[in-house]
Amino acid sequence: MKELADDRLGTVGDDFYEALLEAHKGLSFEESAALNARLVLILANRIGDLETLKAALAAARRSGE
């Protein structure tokens with residue numbers, strides 16, 4: 001399985017996190033979950049590589065443990 005690169009956002013990672021939180025403001029739990037699902041699919045389409053996507057899924061699962 002592909003390894004993911006280290007932090008590629010650098011100092012703008014915090015800016016992205018802030019924008020992500022802003023996008024969720026005022027949404028219900030269900031609306032927020034739907035936004036996350038759409039965002040995941042949009043980004044997956046942009047990445048376009050199944051092995052990279054599988055590595056990202058595995059990394060996300062590990063980071064929640």
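In which helix is Ser32 found? Ser32 is found in helix H2, in a predicted model where local features need pLDDT of at least 70, side-chain atom pairs count only at pLDDT 80 or more, and totals for chains, interfaces and linings use all residues. Residues are numbered from 1 along each chain as its sequence is written, and side-chain values use heavy atoms, with hydrogens and water left out. The protein has three helices and zero strands; helices (H or I, at least four residues) and strands (E, at least two) are DSSP runs, numbered from the N terminus.

**Overall layout**

- Along the sequence, the protein reads α-α-α.
- The C-alpha trace spans about 40 × 25 × 25 Å along its principal axes.
- Of the 65 residues in the protein, 11% are buried; buried means under 20% relative accessible area, exposed over 50%, and partly exposed in between (1.4 Å probe, protein chains only).

**Helix H1**

- H1 has twelve residues, which should span 16 Å at 1.5 Å a residue, and its end C-alpha atoms are 17 Å apart, which agrees. The expected span of a helix is 1.5 Å times one less than its number of residues.
- Just after H1 comes Gly26, with a positive phi of about 80 degrees.
- Glu18 lies in H1 and is exposed, with a relative accessible area of 58%.
- Glu18 and Ser28 are separated by ten residues in sequence and by 18 Å in space, C-alpha to C-alpha.
- His24 also belongs to H1, but His24 is buried, at a relative accessible area of 16%.

**Helix H2**

- H2 covers residues 29-47, 19 residues in total, and reaches 27 Å from its first C-alpha to its last, close to the 27 Å expected at 1.5 Å a residue.
- Its buried residues are Ser32, Leu35 and Ala44. They cover an arc of only 165 degrees around the axis, which puts them on the same side of H2; the arc is that of the directions from the helix axis to the C-beta atoms.
- Glu30, Leu41, Ile42 and Asn45 are exposed residues on the face of H2 turned away from its buried side.
- Helix H1 (13-24) and helix H3 (50-63) are included in what covers the buried residues of H2.
- Gly48 follows H2 and has a positive phi, near 70 degrees.

**Where H1 meets H2**

- The two helices pack at an angle of about 135 degrees, with their axes 10 Å apart. That makes H1 oblique to H2.
- Axes are lines fitted to C-alpha atoms, for helices over the stretch in contact, and angles run from 0 to 180 degrees between N-to-C directions. Angles under 35 degrees count as roughly parallel, over 145 as roughly antiparallel, 65 to 115 as roughly perpendicular and the rest as oblique.
- From H1, Leu20, Ala23 and His24 meet Ser32, Leu35, Asn36 and Leu39 of H2; contact means heavy atoms within 4.5 Å.
- The residues of this contact divide into four nonpolar, three polar and no charged. Ala, Val, Leu, Ile, Met, Phe, Trp, Tyr, Cys and Pro count as nonpolar, Asp, Glu, Lys and Arg as charged, and the others, Gly among them, as polar.
- Not counting residues up to four places away in sequence, His24 touches Ser32, Leu35 and Asn36.
- Ser32 is buried, with a relative accessible area of 18%. Leaving aside neighbours within four places in sequence, Ser32 is in contact with His24 and Leu27.
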